[in-house]
Amino acid sequence: MTRGKIVLGVLGALLALVATVRVAAWLVRGEYRAPHRADQAETTPRDHGLTDERAADEKADQARPYVPPDYRAFPKIGSRVAVWVLAQLHLLFAAFVLAVPLFAFIIELIGYFTGDPRYDKLAYEFTKLLSAAFSLTSTFGAFLTFALIALYPKFTNYLMEIFSPTFLPYVLLFFFEAGFLYSYYYGWGKFSPRVHLFLGLMLNLVGTAIMFIANAWLTFMMSPAGVSEKGALLSLRDAFMNFTWMPINIHRMIANVAFGGSIAAAYAAFKYLQAKTDEERAHYDWMGYIGNFVAISAFLPLPFAGYWLASEIYAFSQTMGLTMMGGAFSWLFIIQAALIGNLFLAANYYLWLGMGRIEGAGNYQKFIKYLLIAIALCFAVWATPRSILASVSEVRAMGGSTHPVLGYLGVMSAKNTAVNILILSTFMSFLLFRRTGKEATVAWRRAGNLAQQAIFFGAAAIVIFFGIYGYFVEARVRIKFSVPQVLSVLAAMVLITLIDVFLYRGARQTGQVRWGKLPPISQYTLIFIAVSFTWLMGLMGYVRAGLRQHWHVFGVMRDESVDAFTPTLGFATQVVSVTSLVFFALIGFVFWIASLTDTHGHGETTETA
Amino acid sequence: MTLRVPLMVRIAALVVGTTGLYTYIGQLVPQKQVLPPQVIELPDDLSTQDMIPVGQQIFQGKGLCSTCHTIGKGSSAGLRFPDLDGIGSRAATRIAGQSDLEYLGQSLYEPDSFVVPGFNPGMPAMNKPPIELTDQEILAVIAYLQSLGGTPSVTMQTKLRWVEGGS
């Protein structure tokens, strides 16, 4: 092989390699290739602008200071109505949970001293309603607290700053209340009677203390004290024990008992209507009677507690007092009169029906028509407005918005007289009921009866005298007349009861009480009374809170929200009605839970005789 | 054959009917929505005569004066607070050595310093919560009160002693 051949061979091989590479490159040219991507995006002036904007926003966001909102909105119904409904539901259940232990304890105590097991059974029956009601009270309390924090943060924060030292005692008391309540209920028949009564007593004391603390918060909003003009706390003691604190404490305690009694009576009515046997009917008839007795006994002194509260409101602020009685809320008291009139009529009707279950009731039933006339007249006077809605021609014919005759019945002199006579008449119905089927045997029975009559008519005469005299004196003198009117009625009720207790001690039984023999209408009357009480609680709760008008804390912290106005009474009554209906739906659930304890459990068999 | 309505339905009807009745009663009474008071901006060059109707408006509205005080309801007998008919002329004679302007100013800023014989104290200071009239609004009210039986002399430039810089 020559050198030239070798060189040609190498060149040929190189050319073949190049040709192979070129052919191969030509063959794969259509194959997929990833698109070319630039390392940096090509930017336009708009992109630059947007980037700068985003950067500026981010920077602004980071630099933004924390500004707490004053208010937040609740969808659809608004924050005020949401808090209103929650607060009312919480208060209704709380009232029930505070009231029932009070009279359950008293009934148990009566059973302990008399040795009559029926009372113990009745007290237990009332207590059965508490367990589920207590849970609902707590649930709505939590709802309300969260709603206040979420919807009214600035105002809630202010209240928390003023009252934070009261929170720990409140929570501790609540904890103790739960302990006492459950041990009182589940420990029935398991502890010695004295220990059990002690638990009941503690339950009541703790419950009352809780209410007193919560009342300080709400009354501070209404009649603030212990703070500077700008709202700075000066004295927690004064803020706590403000003008309306104690009147509200007393008013609420009495009202709670009246309300709790009526709800318990409604439960008994429900069970009576469901009852299958005479024995059940007799038991629930008695329970309904006791519940209603508790309700009406507490209801009678309630207007007097209301007078005290109203006078404290006037003492705190004439502006607020006049707004209540002569301003935006004056017509609310006409609605209240209609409610209370209905309550008195229904309570008396139930008592009169109840007389029918006692043999030999005829002696006293003849008085019913006179009582009915007195009650109806007083109701009419109380519900008469001072000025009336009239057309232009009617106003001209009357010579003003006040009716020439009926206008005289619309003033406080007439109304105070009417309500005091109403109370006296209802008290008489109780007395007649109490006497039915009995005959006094004491030697001084004639003198005793005469003394009772003299006291009754004497009290009525004092009430009517001051009622008429009030038209002839100055207002500053007239407003003091309610005191002797109230005192004479209270004194009459106490004295007549005292005489009656001794007069009928060891009385001869002339007729048996046939428990369970009442017509069904009597039980519907009890339910009507319970609904009316509930609605009344809602209405009066509205006026108490509404009196602050456009203030969260009257004169200290203004309401700047969109709801800072006083709604119409028509709207307020709609909210009260919806709340009452929700309450009754829930209390129906409580009744159902309570009635489950009467039924046999799964797998248990009924013990047959 | 009689139709038996279940017990729960009867009770529900009673509850709904009763609340319905009370709601209906609530619709029968006068319906008034009360709005929070607004501050009335008064121009400094408002004449005394122009201040009178503004003062009357405040008297009947934001100031809540007419809630307690009447005008032209006769003697004080039976009234809880003084009738203000003729107050424009009476104001200068209430307290010896005090002009009507001073007396009316004192009545609005410090109502408890002098209480008309025969009446109880109870009027709130108009410049403080809950009513909180501004100094200008109080001047307008004074103009209106002076017009009730007297000759208005107050102007928007009047500086009462309760106002900063006043004498």
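**Helix packing, interface and cores**

Reply: Gladly! In this predicted model, helix α10 (residues 278-299) of chain A packs with α21(A) at an angle of about 35 degrees, and their axes are 11 Å apart. In general, two packed helices are described by the angle between their axes and the distance between the axes. Here the crossing of α10(A) and α21(A) is left-handed.

Me: Which residues in α10(A) and α21(A) meet?

Reply: From α10(A) come A:G288, A:N292 and A:A295, and they meet A:Q523, A:L526, A:I529 and A:F533 in α21(A). Sorted by class, this contact has four nonpolar, three polar and no charged residues.

Me: Now the chains. How many residues of chain A are in contact with chain B?

Reply: The size of an interface is often given as the accessible area lost when the parts come together. Here we have residue counts: 44 residues of chain A are in contact with 36 of chain B. On the chain A side, α22(A) gives the largest share, eight residues. By class, that side divides into 25 nonpolar, 17 polar and two charged residues.

Me: And which residues have the most contacts inside the largest nonpolar core?

Reply: Those are A:F96 and A:V100, in a core of 156 residues. Helix α3 (residues 79-114) of chain A supplies the largest share of this core, 21 residues. Leaving out residues up to four places away in sequence, A:V100 touches A:F126, A:T127, A:L129, A:L130, A:G260 and A:A264. A second, separate core has 27 residues, including A:L322, B:M51, B:C68 and B:F81.

Technical notes
Residues are numbered from 1 along each chain as its sequence is written. Chains are lettered from A and ligands numbered from 1 in the order in which they are written. This is a predicted model: local features need pLDDT of at least 70, side-chain atom pairs count only at pLDDT 80 or more; totals for chains, interfaces and linings use all residues. A nonpolar core is a set of buried Ala, Val, Leu, Ile, Met, Phe, Trp, Tyr and Cys residues joined through C-beta atoms within 7 Å. A residue is buried if 20 or more other C-beta atoms lie within 10 Å of its own, exposed if 12 or fewer, and partly exposed in between; C-beta atoms are placed from the backbone. Helices (H or I, at least four residues) and strands (E, at least two) are DSSP runs, numbered from the N terminus. Two residues are in contact if their C-beta atoms, placed from the backbone, lie within 7 Å. Ala, Val, Leu, Ile, Met, Phe, Trp, Tyr, Cys and Pro count as nonpolar, Asp, Glu, Lys and Arg as charged, and the others, Gly among them, as polar. Axes are lines fitted to C-alpha atoms, for helices over the stretch in contact, and angles run from 0 to 180 degrees between N-to-C directions. A crossing is left-handed if the near helix is turned anticlockwise from the far one by less than a right angle, and right-handed if clockwise.
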